[in-house]
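Hi,

Here is the structure for you to look over. My notes on it follow below.

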Amino acid sequence: MTENKNKKLVTYLVGLPLFMLAMSFAAVPFYDWFCRVTGFGGVTQVSAGASEKILDREMQVRFDGSLEKGMPWEFKPQVRTMKLKIGETGLAFYEAHNPTDKPIAGTASFNVYPYSAGAYFTKIDCFCFEMQVLQPGETVQMPVTFYVDPEIVDDIEGKYVNSITLSYTFHVTDLPEVQASLDLDDENDVKATQ
């Protein structure tokens with residue numbers, strides 16, 4: 001009887017950490033799904049087209065840009081604030097510049113504040129949907145097309161929101177293999193001529 005209890009205890013002690021490890025891998029996609037559905041944490045929504053309804057009420061949208069530590073780019077919004085009607089499509093531009101002598105890839109993470117507005121801030125198109133690669137000395141204008149969903153006025157917390165801040169942070173990303181191999185070929189060409 002004691003041997004049977006020991007086997008159960010060992011099974012439990014081995015099974016619990018394995019279960020916790022499996023749940024830790026499942027937590028990331030579940031949390032991402034939860035945030036996209038609810039707008040929790042300022043996660044925005046994505047739409048294929050413009051809003052079908054435009055309200056008379058205006059919303060101020062603020063734009064913010066920052067860089068992860070170690071990201072050598074310069075990055076900023078072209079316009080700091082914009083007023084538009086709820087449901088109206090807005091178009092804003094961010095500028096990125098690579099002041100280095102080598103190509104650098106970056107990926108933008110984003111959020112919306114206040115968090116209660118995240119479920120109603122809808123992007124139609126955004127530079128943040130894809131990795132960006134800037135060549136040495138290159139400067140680019142990157143658009144984001146968006147609207148504030150009119151359903152925000154029916155939300156318990158959202159109906160009191162008069163201003164929304166859209167923030168982006170660029171992070172260094174590994175260059176795509178094609179770009180990295182081109183850079184390696186260029187370096188080899190330079191060494192061959194020396």
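**What was found**

Helices (H or I, at least four residues) and strands (E, at least two) are DSSP runs, numbered from the N terminus.

Two cautions. This is a predicted model, where local features need pLDDT of at least 70, side-chain atom pairs count only at pLDDT 80 or more, and totals for chains, interfaces and linings use all residues. Residues are numbered from 1 along each chain as its sequence is written, and side-chain values use heavy atoms, with hydrogens and water left out.

E4 pairs with E2 in the antiparallel sense, over five bridges. Pairing requires at least two DSSP bridges between two strands. Opposite Leu-84 in E4 stands Met-59.

**Overall layout**

The protein has two helices and ten strands. Their order along the sequence is α-β-β-β-β-β-β-β-β-β-β-α. Of its 194 residues, 34% are buried. Buried means under 20% relative accessible area, exposed over 50%, and partly exposed in between (1.4 Å probe, protein chains only).

**Core**

The largest nonpolar core holds 34 residues. Such a core is a set of buried Ala, Val, Leu, Ile, Met, Phe, Trp, Tyr and Cys residues joined through side-chain atoms within 4.5 Å. Phe-127 and Tyr-168 have the most contacts inside this core. Elements giving it two or more residues include E2 (58–67), E4 (81–85) and E9 (139–148). E9 gives the most, with five residues.

**Glu-68**

Glu-68 sits in the loop between E2 and strand E3 (74–77). Why does Glu-68 count as partly exposed? Because its relative accessibility is 32%. Neighbours within four places in sequence aside, Glu-68 is in contact (heavy atoms within 4.5 Å) with Thr-169, Phe-170, His-171 and Val-172. Glu-68 and Ala-108 are 40 residues apart in sequence, yet 9.6 Å apart in space, C-alpha to C-alpha.

**A cis bond**

Most peptide bonds are trans. Tyr-113 and Pro-114 are joined by a cis one, with omega about 5°. Pro-114 is in the loop between E6 and E7.

Best wishes
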